Amino acid sequence: MTSYIFMDESGDLGFSEKSSKWLMFTLAITNDKRSLERVTKKVWKPLKKKHKKLGELHAYHANNITRTRMLQNISEIEDLKVLSIILNKKKVFVDLQNQKNYLYNYTANILLDRLHKKGVLQNESIELYIDKKDTKKSLTENFVKYLESSMTKRGKGMKVALHTSQDNKSIQAVDFLSWAIFRKYESGDYEYYELIKDRIVDERLLFA
């Protein structure tokens, strides 16, 4: 059996006044590769054309009804486990603020540690799908190599694939999960977080 992991990030890597306060990585883990995809298709199908103009579901652009439907349906996936690592950017040392590779890799290492400590990876075969956003190509490639190497050292093989959210509907679903958790920290808004909190097995603050 294979464990399927879908990863999305919220926030940004900037440190200016206009940047987000937090940078967050969210993992959604399931043994059913299509369960999150089915939720996205279910919510997408009845939407009116005006809500489909982006060609995909994205939490930031969705209305409140769509957000609620997505998160409620996601929360009903029985074997779904969600882990989130939240970086408090205000506490990041000044000399590290320009070392994006280090911050990414440091966060990745914490993610993998939490996966092992929580015992959510029972299967030997692991496939990780990462949202291919507009992050610098070199940064993303370095991050992928680091993940694969770190997992190998832990005695497990892992295939890592970069997919755009438009091509991978499961990543679209995880975008809603990540957005809901991010809102809790960035805006103090718990409304959507409450819909999926029972699926969260680990929520870790870095530099709290």
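Tutor: N73 is found in helix α2; helices are DSSP runs of H or I with at least four residues and strands are runs of E with at least two, numbered from the N terminus. This is a predicted model, in which local features need pLDDT of at least 70 and side-chain atom pairs count only at pLDDT 80 or more, while totals for chains, interfaces and linings use all residues. Residues are numbered from 1 along each chain as its sequence is written, and side-chain values use heavy atoms, with hydrogens and water left out.

N73 counts as buried because its relative accessibility is 13%; buried means under 20% relative accessible area, exposed over 50% and partly exposed in between, with a 1.4 Å probe and protein chains only. Leaving aside neighbours within four places in sequence, N73 is in contact with V39, K42 and V43, where contact means heavy atoms within 4.5 Å.

Both V39 and V43 are among the buried residues of helix α1 (residues 35–44), together with S35, L36, E37 and T40. The buried residues of α1 pack against α2 and α5, and also against strands β1 (2–11) and β2 (22–30).

Helix α2 (residues 64–75) also packs with helix α5 (residues 169–186), at an angle of about 100° and with the axes 10 Å apart. Axes here are lines fitted to C-alpha atoms, for helices over the stretch in contact, and angles run from 0 to 180 degrees between N-to-C directions. The angle therefore makes α2 roughly perpendicular to α5, a term for 65 to 115 degrees; under 35 is roughly parallel, over 145 roughly antiparallel and the rest oblique.

On the α2 side of this contact are T66, R67, M70, L71 and I74, which meet Q172, A173, F176, L177, W179 and A180 of α5. These residues divide into 8 nonpolar, 2 polar and 1 charged. Nonpolar covers Ala, Val, Leu, Ile, Met, Phe, Trp, Tyr, Cys and Pro; charged covers Asp, Glu, Lys and Arg; the others, Gly among them, are polar.

Strand β4 (residues 125–131) pairs with β5 in the parallel sense over 7 bridges.

Terms used:
Pairing = 2+ DSSP bridges.
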